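Welcome! Try each task yourself before reading its solution.

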Amino acid sequence: MVWVAIWFWAATSKLNRHFPSVICGMLTNSPFVPVWLRRRLYRGYPDDLRPSSLAAAIAHFGTAVEYTFPILLVWSGGGPLTPVALGMMVAFHS
C-alpha cells in the first residue's frame, strides 16, 4: 500500500500547468525521439518554445496512465493482472 500511495501521489504531483513544459524537456533530451517529433512538441520551433497541444496531450495521457497502474494493482489482488501491471509500469518509466 505504501508503493501504491507513492505512485498515486506522484501522479497527483503532475496535475499542474508546467508539466507539459517538463515533457518537452524530457522528450527533447531523449536520444530515441526523432527530430521531427521534437519540433512538434513546441508551438513554433525555434521562435516559440512554449509547449504545443501535442506536448500537453502526452503529459495528460502520462498522468492518466500513472493513476491507472496503482488502481489496477490494488484491484488485482495478486492475481495474474499484477505482473502485467508491474511490467507495464516498469516499461512506462523506462
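Contact here means heavy atoms within 4.5 Å. The model is a predicted one, in which local features need pLDDT of at least 70, side-chain atom pairs count only at pLDDT 80 or more, and totals for chains, interfaces and linings use all residues. Residues are numbered from 1 along each chain as its sequence is written, and side-chain values use heavy atoms, with hydrogens and water left out.

**Exercise 1.** Find out which residues Met89 touches, and which nonpolar core Met89 belongs to.

Solution. Start with the contacts: not counting residues up to four places away in sequence, Met89 touches Trp7, Phe69 and Pro70. Next comes the core, a set of buried Ala, Val, Leu, Ile, Met, Phe, Trp, Tyr and Cys residues joined through side-chain atoms within 4.5 Å. Buried means under 20% relative accessible area, exposed means over 50%, and partly exposed is in between (1.4 Å probe, protein chains only). Met89 belongs to the largest nonpolar core, whose six residues also include Trp7, Val65, Phe69, Leu73 and Ala85. Finally, look at the elements, where helices (H or I, at least four residues) and strands (E, at least two) are DSSP runs numbered from the N terminus. H4 and helix H5 (81–93) are the elements that give two or more residues to this core, and the largest share, three residues, comes from H4. As background, nonpolar side chains in soluble globular proteins tend to be buried together.

**Exercise 2.** Work out how many aromatic pairs there are, and describe those of Phe8.

Solution. Rings of Phe, Tyr and Trp (its six-membered ring) pair if their centres lie within 6.5 Å; planes under 30 degrees apart count as stacked, over 60 as edge-to-face and the rest as tilted. This rule gives three aromatic pairs. In one of them, the ring centres of Phe8 and Trp9 are 5.2 Å apart and the planes are at 85°, so the pair is edge-to-face. Phe8 also pairs edge-to-face with Tyr67, at 5.1 Å centre to centre and 65° between the planes. Because Phe8 lies in helix H1 (residues 2–12) and Tyr67 in helix H4 (residues 53–76), this pair ties together parts that are 59 residues apart in sequence. Together, Phe8, Trp9 and Tyr67 form one aromatic cluster. For accessibility, Phe8 is partly exposed at 31%, Trp9 is exposed at 56% and Tyr67 is buried at 18%.
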